[in-house]
Amino acid sequence: MSQKNANIFNWNPRGLNNKARRDAVRDLIRDTHATIVCLQETKLDLVDDALISATLGPSFTANYAFLPAIGTSGGIILSVSDAFFTLSDVHVTANTLSASITMLSEGTTWSITCVYGPQGESEKLMFIEELKGLKAIIQDAWLLLGDFNLITKASNKNNLNINRRLIGKFRAARDFLVLKDMRMDGRRFTWSNAQADPVLTKIDHVFCTAEWDSLFPDAYLQAITSACSDHAPLLLQGSVASARKHSFKFEEFWLRMQGFKETVAEAWNKNI
């Protein structure tokens, strides 16, 4: 099953324009056995086969796409290992890179979107609208991940200096797209300003639709460590069934799915 081969590595390394950071990415990809890679804030306006091979490995050179940086700001790389997947139907917007991933062993295809969110409030509001616009181009089975530079709730930050308007707008977009916020193990926050009295936030997120969740029912998300960036790398494993106990868990996003209430009512009233 391709689910066992879907080791999805997501990270903002704060630039790939020096060898030390590229080497750090290469080491983490090797250590995590990553087969799908999403990198944000590459600070690269050009990405070629040689850079992909040196940074990710030779198995990633046949299937990659990138959103170029503007000057030394931004930039996204998305790549998949040709041993297990192909990448197609690439679509880019100002802050997102989307594509279709086909799992070679089954021929199943699903959508992935990698994002790098902007910093300013007005830019963040436009970015949220940009995310909502993706609904028209993605498949039902969809994974959305990256550095959003946004939080979904007050507890995503370790102080009270929060923008509730942006939280509300971001949550509304998540609900509009009918996305589940995937539970993350390993740490509570994904970014630190590394000061003596640090600001800590969870601005790196992984969201998925119910259809993607059904394809990967045993997926497991964890934050891992690196001394090379102020962002924690995230590793999403497509199947770790042996490490998880199967139990019923009510998902809040089910309430936002079309036909949910009718389905529950029908099941509740059915004779047993």
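Two strands are taken to pair if DSSP finds at least two bridges between them. Helices (H or I, at least four residues) and strands (E, at least two) are DSSP runs, numbered from the N terminus. The model is predicted, with local features requiring pLDDT of at least 70 and side-chain atom pairs counting only at pLDDT 80 or more, while totals for chains, interfaces and linings use all residues. Residues are numbered from 1 along each chain as its sequence is written, and side-chain values use heavy atoms, with hydrogens and water left out.

**View 1. Overview of the protein chain, with its six helices and 15 strands.** Of the 272 residues of the protein chain, 49% count as buried (under 20% relative accessible area, with exposed over 50% and partly exposed in between; 1.4 Å probe, protein chains only). The accessible surface comes to about 13300 Å², of which carbon and sulfur atoms contribute 52%; the areas come from the Shrake-Rupley method with a 1.4 Å probe, and for residues only the protein chains shown count as cover. Among contacts (heavy atoms within 4.5 Å) with a separation of 6 or more, 65% are made by residues 24 or more positions apart.

**View 2. The open sheet of seven strands, ordered β3-β4-β2-β1-β15-β14-β10 with mixed pairing.** Its edge strands, each pairing on one side only, are β3 (64-67) and β10 (184-185). Strands of a sheet pair through backbone hydrogen bonds, either parallel or antiparallel. β1 (residues 7-11) runs parallel to β2, the two being joined by four bridges, and Ile-8 stands opposite Ile-36 in β2. The chain passes from β1 through α1 to β2 in a β-α-β crossover that is right-handed, a term used when, with the strands pointing away from the viewer, the path from the first strand over the helix to the second runs clockwise. β1 also pairs with β15 (residues 234-237) in the antiparallel sense over four bridges, where Asn-10 stands opposite Leu-234. Helix α1 lies across β1, β2 and β15, running at about 155° to β1; axes are lines fitted to C-alpha atoms, for helices over the stretch in contact, and angles run from 0 to 180 degrees between N-to-C directions.

**View 3. Strand β2, mostly covered, with five of its five residues buried.** In a regular strand the side chains alternate between the two faces of the sheet. In β2, Ile-36, Cys-38 and Gln-40 point one way and Val-37 and Leu-39 the other way, and all are buried. β2 is joined by five bridges to β4 (residues 76-80), which runs antiparallel to it, and the bridge partner of Val-37 in β4 is Ser-79.

View 4. Most residues other than glycine have a negative phi, and most peptide bonds are trans.

**View 5. The open sheet of six strands, ordered β5-β6-β7-β8-β13-β9 with mixed pairing.** Its edge strands are β5 (85-92) and β9 (180-181), each of which pairs on one side only. β7 (residues 108-116) and β8 (residues 142-147) run parallel and are joined by six bridges, and Ser-111 stands opposite Trp-142 in β8. Helix α3 (residues 121-133) lies across β6 (96-103), β7 and β8, running at about 30° to β6.

**View 6. Aromatic pairs, of which the structure holds nine.** Rings of Phe, Tyr and Trp (its six-membered ring) pair if their centres lie within 6.5 Å, and planes under 30 degrees apart count as stacked, over 60 as edge-to-face and the rest as tilted. The rings of Phe-9 and Trp-11 have centres 6.2 Å apart and planes at 70°, so this pair is edge-to-face, and both residues are buried. The rings of Phe-170 and Phe-207, with centres 5.9 Å apart and planes at 90°, are likewise edge-to-face. Because Phe-170 lies in helix α4 (residues 164-176) and Phe-207 in strand β13 (residues 204-208), the pair ties together parts that are 37 residues apart in sequence.
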